[in-house]
Amino acid sequence: MVDLASVIRPGDGIIVGQACAEPQTLVEALVAQRPRLSGCRVFLGVNYSGIVKPSHSDHLRLASYGGIGHNRALSDAGVLDVLRVPYSRLGTLIRSGQIGADVVFVQVSPPNERGEYSLGLAADYLVPALEACRTIVAEVNGQVPWTHSERLLHADDFDLRIETSRPPAAARGRAVDRAIARHAAAFVADGSVLEFGIGALPDAVCEFLHERRELRVHSGTIGDGVVDLMRSGVVRETDCAMLIGSRKLFDFARDNPRIRLRSSEYTHDAGVLGRIERFVAINSAVEVDLQGQINSEIADGSYVGAIGGAPDFMSAARKRGTSLLLIPGSRLVARLSGPVTIPASDAGIIVTEHGAADLRDCEPPERARRLRAIASAHAAL
C-alpha cells in the first residue's frame, strides 16, 4: 500500500477531490493510515463513496461545505465541520489558507500522447488548491476519461502517484417527478444559457428541451441529461466545474472539446456570470416558505444539502435571465425548519408538480397566494 506518511505531515490540511472525482484508493489509504497522520484536516466536498466514516474522526478533523451524500452521517455524528459559504468563496478561502491545502489528493485520467494528465471529472476548487498546495498526491484511474480540464498535470507535478482502475464514485439514483421538470422546461427559451444545480431534479429538465435551439451550458455541475442535448445539437458547448453522472456522461466527455471543465473561480465568478445574457438557473432545495425564502441545507434536523453555488447563480439569473427553483409541492411550508439559504428577493420562479409561481416583484400576500396555488394538498401550510 502507498505510504502517505512519506509526503504528509501530521496536522496538514488535505483537500480531497469530491463527488465522482474522489480518489477512492487514496482515501482508503488515508483512513487506514490515519494514526500516523493524526491531526490532519481533511476537506471532503461532496462525499458519494462513504469511505470516510464517523469513527475516522479519532485522528482526522473532517470538514466540508455541506452535507450531501454520506456527509449527512458525518454531520449527524457531530464530527463534520460545515463551512456555510457560497461556492464562489471556496477558491479564495483555499488561497488564503482558511481552508488548509498543504496536500491535495486528485483523481486524474491516464496521460494523453503528450504526457498530460487531465483532472478528468472535476476542476472546480481543485484548480486553486493545486496552485496553493505543497504536495500533490495523484490516483491515476484507468476508468477516468481524459477531458479538457482547465489545469493539466505532468508526471513531475506529482509528489506521489498510484495507478488504479475502478469505477468512479457515484450518487445514489432517485426517482423524480417528471411533471416538475416539464413545468420548468417551459421557461427555457431558444438561445438560453443553462445552469444545473446538483441533483436528479434539475438534470431531469433536459428531457423536455429537445425542441429548443442554440442552448449553451454554464454550470457548476452537469449530469447525464446534457449528453443527449449535446448529441442532438441542442446544446452547442458546455463550461462546468464538475461531471456528476454515469458512464454515459464520462464516455461522452472523453476528449470532447465541447465540454470544458473550468475552475470554480471561473464558473461561479460574479463578473463572468454578470456578462451572460438569457441565463437560466435551475436549482432545487429542501423547502420554501410562503414568503419565498429558501432552505437548501437542513431537513428533519440533519444537514443534507449546502449553500453551494445557488446564491451565485440565482442572483445572476435574477438580474439577467430567469431563476427556477424546483421542489415537490409537499415541501412548501408556512415556516422554514432550517436556515434561510436564499432570501425571498432572489427566489424567482418556484416550480412544483402543480405548476409555477412567479414571485418576481410580488408583495408578500401575493407571494403566499401564488405558492399555495402550487402546493400539494398535504403541504405544511
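Author: Let's start with a term: on a 1 Å grid over the protein atoms alone, a cavity is a set of points where a 1.4 Å probe fits but cannot get out, while a pocket is an open set with protein on both sides within 12 Å along at least five of seven lines; lining residues have an atom within 4 Å of a point. Grid points are joined across faces, edges and corners, and a volume is the space filled by probe spheres set on the points. Before we use that, note that this is a predicted model, where local features need pLDDT of at least 70, side-chain atom pairs count only at pLDDT 80 or more, and totals for chains, interfaces and linings use all residues. Residues are numbered from 1 along each chain as its sequence is written, and side-chain values use heavy atoms, with hydrogens and water left out.

Reader: Okay, so what volume does the largest cavity have?

Author: Rolling a probe the size of a water molecule over the atoms shows where empty space is left. Here the largest cavity comes out at about 40 Å³. Its lining is made of Val16, Gly17, Gln18, Ala19, Glu22, Leu44, Val46, Asn47 and Val52. Sorted by class, that is five nonpolar, three polar and one charged (Ala, Val, Leu, Ile, Met, Phe, Trp, Tyr, Cys and Pro count as nonpolar, Asp, Glu, Lys and Arg as charged, and the others, Gly among them, as polar).

Reader: And which residues lie nearest the centre of the second largest pocket?

Author: Those are Phe43, Ala63, Gln98, Ile99 and Gly100, out of 18 lining residues. This pocket has a volume of about 290 Å³. Strand S3 (61-64) is one of the strands that supply at least two lining residues, and S3 gives the largest share, four residues. Strands and helices here are DSSP runs numbered from the N terminus (helices: H or I, at least four residues; strands: E, at least two).

Reader: How do I read a helix, then? Which residues of H12 are buried?

Author: An α-helix has 3.6 residues a turn, so residues three or four places apart point the same way. In H12 (residues 364-373), the buried ones are Arg367, Ala368 and Leu371 (buried means under 20% relative accessible area, exposed over 50%, partly exposed in between, with a 1.4 Å probe and protein chains only). Looking down the axis of H12, those buried residues fall within an arc of 95°, so they line one face of the helix (the arc is that of the directions from the helix axis to the C-beta atoms). On the other side of H12, you'll find Pro365, Arg369 and Ala373 exposed. The buried residues of H12 pack against strands including S16 (287-289) and S21 (332-333), where contact means heavy atoms within 4.5 Å.

Reader: What about strands? Which residues make up the covered face of S10?

Author: In a regular strand the side chains alternate between the two faces of the sheet. For S10 (residues 160-164), Leu160, Ile162 and Thr164 form the covered face, and Arg161 and Glu163 the uncovered one.

Reader: How many bridges join S7 to S10?

Author: Strands of a sheet pair through backbone hydrogen bonds, either parallel or antiparallel. Five bridges link S7 (residues 135-141) with S10, and the two run parallel (strands pair if DSSP finds at least two bridges between them). Alanine 138 sits opposite arginine 161 in S10.

Reader: In what order do the strands of the three-stranded open sheet come?

Author: The order is S17-S16-S21, with mixed pairing. S17 (294-295) and S21 are at the edges with a single partner strand each, so one side of each has no neighbour in the sheet. S16 and S17 run antiparallel, joined by two bridges.
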